[in-house]
Every structure is written in C-alpha cells, then in structure tokens.
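Here is a friendly walk through one protein model, written for someone who likes to know the cut-offs behind each term. Please have a look at the sequence and the coordinates before reading on.

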Amino acid sequence: MTVLRDLLTPDAGADRVVPPTGFTARLTVFSAGAMAFLAVFALALSLAAGRVAHSWGDALARSSTLRIAAAPEEMASQTATALRVLQTTPGIAAAQALSPEEQRALLEPWFGPDLPLDTLPVPQLIDITETSGGYDATGLRLRLSAEVPGAVLDDHTRWRRPLVTAASRLRLLGWVSILLIAASTGAMITLAAKAALAANAQVIAVLRLVGATDTYIAKAFVRRFTLRALSGATVGTALAVLGILLLPDAGEESGVLTEFGFYGAQWIWPLFVPPLAAVVALLATRSAARRVLEELA
C-alpha cells in the first residue's frame, strides 16, 4: 500500500528531479507499449493453443474410425455385419457408415473435387462415437477379426497424442514468450533509468547537499518511470485488443489460428498486462536507482 500511495501521490519537488521529456522518456513509453502489444498477442496465442488442445483431445478421444477393405460384391455385407457388431458393443454410443458423398468430401482436400470415387478401390469408413466410459478396443478388434476380416479399427490414439502434445507445447511457448517480453521490458527500462540517473548526476549531488536522502531521490525516479511504463503499456494493450477484435472470422474449422483471440471471461486477461508492466518498471527502476546512487556516492 505504501508503494501504491507513493505512485499515486504527486510530489512537485521530486518530479522535477526526473526530466519529463527526452530520450529516456520516449524509450520507456515506446518499449512498454511495444512489449505490451506483443504480450497480449502471445497471451492470445497461448490461450488459443490451450483451447485447441482441449477440443482436439476431447473430440478425438470420443471418436474412432472403422475401415473396411473388401471386394465390391462383399462390401455391403461386411459393412452391415460391422455395424451390427458395433451396435452391440458396450461403450459405443453410435456407429454410422459414411456415404459416398461424405467420403468424397474427406478426400477432396487431398485429391481434388474431380476424384473418380466409383472407379477407385476406396474402403468403406464407419464413424464410431464412444460413450463417456469408452469401449474395449482390444476385445472389439478380436471380434471384428473373426466376423469382419477386412475391418481395421483406428481409435485415433496415434493421431491424438501428437496433436495434443503439439498444441500443449505451443501454449507453453506462448507463456515463455510472455516471460521473455517481461524480461526485455525490464532490461529496456533499466537502461533508460540508468541513463536518466547518470544524466542528472549534478542535480542528484545538489539534492544530497541540501539534505535529500537517496530514498527520496530513488522514489522520484521510480514513480516517473513506473507511470511512463503504465501509460505506454495501456496504449499498447488497447491497440492489441483492437487488432484482435478486427481479425476476420476464419470459420468453424478448429485450429490455432481460427481459435485465436479471447472468449468470454478470457477478455479479463489483457487488463492485467498494464499493471504487470508497471510492476516490472517499478522493480527495474528501483534496482537501477540503487546501483547508480551507490556509484555516485
């Protein structure tokens, strides 16, 4: 509370110690604004990756695919047998054979819209939806091998794990980026504070002669640089939020880019960026002031 009171309580005498304009002022405001802008986008990326990892994991965990490869004259009978087996298997909520149109739609991204599906030996696909408890994949494979020799069950395990792992690592990368941005902000503000303190060495010497303590002088620099960082970060955060709001809608396809942004209560997160930038500036300036004042003693 004491630190907050010092920041919010103006002191005309102390404020005159720190130059209100100049290179260090512009550097502090610009670096805080730029880093806040990047931090908001890194935060949006991290949250989007988290949502994608969760949705991919849930969607693939509740679904499986049965692929039937058989001669054309046996395809219908084997498909019917497979559906009967699946419908009587505990843990399976629904099983539906894909129509030729649905299978064509799945293959179009890879082979184009003019794929001659009727002339190609395309296997029959059956989409399986599991219950919350799941089913016994090993037992189902044994039963299918006996009744539907041409059936291959894919429970999406080999697809789900790499996708979820990749999305989770991307989320971690977003948080690491935020930490690096905070460290870079602190480094830039430290350099600006040291430059301002060194440039005012003569003023500091006079203040000491008239009885000003190093704590009083340091508070003046800490307050000015913290408020500069707060104002710059506020502008940068506002611009980043505006940029995210102006992003076009990428449709309903689930992916990191289409999920990019904030949803619901997540819009609260950008509000923490300016205060965190102010805290980083406060700590960086306090450390820089202590070191420079010791050197000037």
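The sections below cover the ground rules, strand pairing, salt bridges and a surface patch.

## Ground rules

This is a predicted model, so local features need pLDDT of at least 70 and side-chain atom pairs count only at pLDDT 80 or more, while totals for chains, interfaces and linings use all residues. Residues are numbered from 1 along each chain as its sequence is written, and side-chain values use heavy atoms, with hydrogens and water left out.

## Strand pairing

Let's begin with strand β1, residues 63–68, which runs antiparallel to strand β3, residues 124–130, with six bridges joining the two. Within this pairing, R67 has L125 of β3 as its bridge partner. Strands here are DSSP runs of E with at least two residues, helices are runs of H or I with at least four residues, and both are numbered from the N terminus. Two strands count as paired if DSSP finds at least two bridges between them.

β1 also pairs with strand β4, residues 151–154, in the antiparallel sense, over four bridges.

## Salt bridges

How many salt bridges does a search of the whole structure find? The search finds two, where a salt bridge is a side-chain nitrogen of Lys or Arg within 4 Å of a carboxyl oxygen of Asp or Glu. One joins the side chains of R84 and E147, at 3.1 Å from N to O. R84 sits in helix α4 (residues 72–87) and E147 in helix α6 (residues 137–147), so this pair ties together parts that are 63 residues apart in sequence.

R143 and E147 also meet in a salt bridge, at 3.4 Å from N to O. These two are four residues apart in helix α6, which separates them by about one helical turn.

## A nonpolar surface patch

W175, I268, W269, L271, F272 and L276 make a nonpolar surface patch of about 640 Å². Patch residues have over 30% relative accessible area and no salt bridge; nonpolar side chains (Val, Leu, Ile, Met, Phe, Trp, Tyr) are joined within 5 Å, and like charges within 9 Å. Accessible areas come from the Shrake-Rupley method with a 1.4 Å probe.

F272 lies in the loop between α9 (214–245) and α10 (273–296), and is partly exposed at 46% relative accessible area.

Technical notes: Buried < 20%, exposed > 50% of the residue type's maximum accessible area, 1.4 Å probe, protein only.
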